[in-house]
Amino acid sequence: MPSNPLFYPLSDQVKAGDFRDQVQLALAIADATMLKTLLVNCIPPIVEQRHLKTISTEIGVPTANQQTADGILHFEVIKCMLAEPNQPVELRPTTGGWTRESREVAKLTRHASEIQTLGQNLALAPTISLLAESGFTPKQVENILQLPHDAWYKSWWYAVDQNGNFTIPFLRHIRTLHYSDGTLTIQYRDFFEQEKPVCFASLAQRALVFIKPDGQGFGETLRQINYQRQTLGIYQAVLICNTISELEARGCINQGISLYPAVELVLPTRSDCTHCGRKECVMNGRENSPVAMCYGFLPESEFV
């Protein structure tokens with residue numbers, strides 16, 4: 001693990017006192033794609049790319065005793081997926097009796113959940129947006145909104161199996177309640193074979209971000225992470241580090257902590273190749289250098 005080049009030390013240009021500020025700044029301005037790598041490419045991964053829906057960060061989060069956590073990742077994990085329009089299982093038995101297919105459908109829908117509320121007293125626009133974000137096509141959304149009173153719209157969905165694949169089918173009934181003030185309430189009920197779907201489409205989760213200062217021991221790092229996890233009520237954690245020993249890496253992973261290389265988050269600095277002290281660079285000293293931002297720029301005055 002530590003032999004992975006991603007865990008080699010950062011450039012000398014990053015001073016110890018600036019390390020945490022640089023990483024926090026990178027997290028604060030990072031786009032969704034960059035933030036997703038924290039959860040997908042950490043070791044071990046916290047979530048698979050295909051299951052990750054949205055993500056955002058919160059930096060410098062107060063905990064207790066005038067302490068702060070470096071950051072929190074807020075993200076949604078997809079747990080249920082709407083089947084394609086051409087995939088639904090036929091629910092209608094033949095007049096001559098139950099077919100093999102209809103018996104299989106009955107098996108898949110042997111249990112029913114209680115009625116759940118997806119959105120309550122929503123205006124029309126948020127209602128349409130909520131259904132569209134769940135995967136329904138414009139035509140399907142129109143059909144759901146135009147249902148008669150107490151009628152249900154039926155659709156097939158897939159839940160995640162033990163291997164992380166969307167292969168467990170279940171039937172979902174959805175209805176829309178209309179009120180005199182123009183608002184709507186969306187309710188749903190699931191019919192399933194064994195395990196009840198855990199949510200409508202995705203679950204909101206959090207992961208603690210801890211930036212390990214160089215030279216800080218394993219025990220102190222673990223103590224601070226566990227304190228912040230307990231205080232904030234978060235179990236999942238990502239440790240961003242410059243370098244780490246193999247034993248420390250194993251210890252962190254065994255304690256439910258994922259690792260991520262700080263080098264992936266270091267921001268480039270404004271460069272001037274004519275005054276850079278890195279003589280080994282092919283652009284060094286060039287007045288017409290096209291390089292404007294560089295990870296390795298080091299002023300001659302600071303070069304040792």
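How many salt bridges does the structure hold? There are eight, where a salt bridge means a side-chain nitrogen of Lys or Arg within 4 Å of a carboxyl oxygen of Asp or Glu.

A quick word on the background: this is a predicted model, so local features need pLDDT of at least 70 and side-chain atom pairs count only at pLDDT 80 or more, while totals for chains, interfaces and linings use all residues. Residues are numbered from 1 along each chain as its sequence is written, and side-chain values use heavy atoms, with hydrogens and water left out.

| Pair | N to O distance |
|---|---|
| Glu193 and Lys107 | 3.9 Å |
| Arg175 and Asp150 | 3.3 Å |
| Arg223 and Glu220 | 2.7 Å |

Take Glu193 and Lys107. Glu193 sits in the loop between β8 (184–192) and β9 (202–211), and Lys107 in helix α3 (residues 100–108), so this pair ties together parts 86 residues apart in sequence. Helices (H or I, at least four residues) and strands (E, at least two) are DSSP runs, numbered from the N terminus.

Next come Arg175 and Asp150. Arg175 belongs to strand β7 (residues 166–178), and Asp150 to the loop between α5 (138–145) and β6 (153–160), 25 residues away. Arg175 is buried at 14% relative accessible area, whereas Asp150 is partly exposed at 42%. Buried means under 20%, exposed over 50%, and partly exposed in between (1.4 Å probe, protein chains only).

Finally, Arg223 and Glu220 are three residues apart in helix α6 (residues 218–232), so about one helical turn separates them.
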